[in-house]
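Grab a pencil and work through a few exercises on a protein model. Try each task yourself before you read the solution.

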Amino acid sequence: MAEFNIGKHCRIDSCHQNDFLPFVCDLCRGSFCLDHRSREAHACPEEPVKKEPRTTGGNKSYPCSFQDCRRKELLPVACPQCGKRLCLAHRHQDDHECEKLEVQKPRMTATKELVQKIVDSKDTSKAKGRRGAKSSTTAAKVALMKLKLHAAGDEGLPQAERTYLQVYLPKDSKASSQPMFFCSKWSVGKAVDYAASLASLKNSNNIATAKKLRLCHPQTGEALQTDHTLLSLLSHPETPLFNGGDVVLEYLENRSSGLDASDYIRQV
């Protein structure tokens, strides 16, 4: 009867056990039984190659210079404006309070006075020297009656939902202002888009790097929050808008929070 040559004998002379599933050493490539499979058990003559640990930049790390931050980076991260070394979390100017960050100039008193002068010069119904919320409310009621005669808007809007505003157009526009009406439930952002359409203005508010069309308060010059509704601004406790009042539409830089004197170089 023929003999079958199955498996291999253990290479250890004192063992020489025939193993049907022999173990092959990955260094010396010898075949061994279960008892002698480890390198120590069969005294493997081959030494394993030691792998050098991978290092980046000589295993150097770069700590963040921002106050109380203990983070480190394997690669240097520097602010291109102030040159400080930072971590990824503080790499933007706003995040590390960069000393080179352009800070908006405080609102000048002259700006408010100039806004009021422009608005008054365009509306002869406002007597000189009027001040205070009560006088503004009365003037707005008078202006409202006039606006309703000439304002442009969506004729499908119910009268109860209409907000009438005298919109002062950007300084480079052909016309200085235009009466319009909007839905009081609309957000300021939607009102801006609608006003731009009525006045045939370029509207690049969907482009991140372009100047943005913003509605601004006629007395303070502050840009109105785009997510606020017109209805909420009409009932604002401190600086309300008025149905029949004024609002300024102007192109502003992305970081700008409102108008400054340079936005009012108009013919008055």
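The exercises below are about this predicted model, and each comes with a worked solution.

**Exercise 1. Find out which parts of the chain arginine 255 and aspartate 94 tie together, and say how open each residue is.**

Step 1: Start with the pair itself. Arginine 255 and aspartate 94 form a salt bridge, and their closest N and O atoms are 3.6 Å apart. A salt bridge needs a distance within 4 Å, so this pair qualifies.

Step 2: Arginine 255 sits in the segment after strand S10 (245-252). Aspartate 94 belongs to the loop between strand S6 (72-73) and helix H1 (109-122). The pair therefore ties together parts that are 161 residues apart in sequence.

Step 3: Check the accessibility. Arginine 255 has 54% relative accessibility, so it counts as exposed. Aspartate 94 has 46%, so it counts as partly exposed.

**Exercise 2. Work out where the salt bridge partners glutamate 161 and lysine 185 sit, and classify each one by accessibility.**

Step 1: Here the N to O distance is 3.4 Å. Side chains of opposite charge can pair when their charged atoms come close.

Step 2: Look at the loops. Glutamate 161 is in the loop between helix H2 (133-150) and strand S7 (162-168). Lysine 185 is in the loop between strand S8 (177-183) and helix H3 (188-198). The two residues are 24 residues apart, and their pair links distant parts of the chain.

Step 3: Now use the percentages. Glutamate 161 is at 22% relative accessibility, so call it partly exposed. Lysine 185 is at 57%, so call it exposed.

**Exercise 3. Describe the salt bridge between glutamate 253 and lysine 211, then give the count of salt bridges in the structure.**

Step 1: The two side chains meet with an N to O distance of 3.7 Å.

Step 2: Glutamate 253 lies in the segment after S10, while lysine 211 lies in the loop between H3 and strand S9 (212-216). That is why the pair ties together parts that are 42 residues apart in sequence.

Step 3: Lysine 211 has 45% relative accessibility, so it is partly exposed.

Step 4: For the count, the structure holds six salt bridges.

**Exercise 4. Strand S8: is it largely enclosed or open? Then look at how S7 and S8 run.**

Step 1: Five of the seven residues of S8 are buried, so the rest of the structure largely encloses this strand.

Step 2: S7 and S8 run antiparallel, and seven bridges join them. As an example of who faces whom, glutamine 166 stands opposite proline 179 in S8.

Step 3: Pick a residue in S7, say threonine 163. Its relative accessible area is 2%, so it is buried.

Step 4: Leaving out neighbours within four places in sequence, threonine 163 is in contact with Met180, Phe181, Phe182, Ser184, Leu234 and Asn243.

**Exercise 5. Which residues does glycine 7 touch, and which residues form a nonpolar patch on the surface?**

Step 1: Glycine 7 is in the segment before strand S1 (8-9). With a relative accessible area of 27%, it is partly exposed.

Step 2: Setting aside residues up to four places away in sequence, glycine 7 touches Asn18, Asp19 and Phe20. Take aspartate 19: it is 12 residues from glycine 7 in sequence, yet the two C-alpha atoms are 5.4 Å apart in space.

Step 3: Move on to phenylalanine 20, in the loop between strand S2 (18-19) and strand S3 (23-24). Its relative accessible area is 57%, so it is exposed.

Step 4: Ile6, Phe20 and Leu21 make up the nonpolar patch, and together they have about 360 Å² of accessible area.

**Exercise 6. Histidine 42: is it buried or exposed, and what does it touch?**

Step 1: Find histidine 42 in the loop between strand S4 (31-32) and strand S5 (62-63).

Step 2: Its relative accessibility is 6%, and under 20% means buried, so histidine 42 counts as buried.

Step 3: List the contacts, skipping residues up to four places away in sequence: histidine 42 touches Ile12, Cys25, Cys28, Phe32, His36 and Arg37.

Step 4: Zoom in on histidine 36. Its backbone oxygen lies 3.0 Å from a polar atom of the histidine 42 side chain.

Terms used: Residues are numbered from 1 along each chain as its sequence is written. This is a predicted model: local features need pLDDT of at least 70, side-chain atom pairs count only at pLDDT 80 or more; totals for chains, interfaces and linings use all residues. Side-chain values use heavy atoms; hydrogens and water are left out. Helices (H or I, at least four residues) and strands (E, at least two) are DSSP runs, numbered from the N terminus. Buried means under 20% relative accessible area, exposed over 50%, partly exposed in between (1.4 Å probe, protein chains only). Patches are made of residues with over 30% relative accessible area and no salt bridge: like charges are joined within 9 Å, nonpolar side chains (Val, Leu, Ile, Met, Phe, Trp, Tyr) within 5 Å. Accessible areas come from the Shrake-Rupley method with a 1.4 Å probe; for residues, only the protein chains shown count as cover. Two strands pair if DSSP finds at least two bridges between them. Contact means heavy atoms within 4.5 Å. A polar contact is a pair of N or O atoms within 3.5 Å; within protein, one must be able to donate a hydrogen and the other to accept it, and residues adjacent in sequence count only if both atoms are side-chain atoms.
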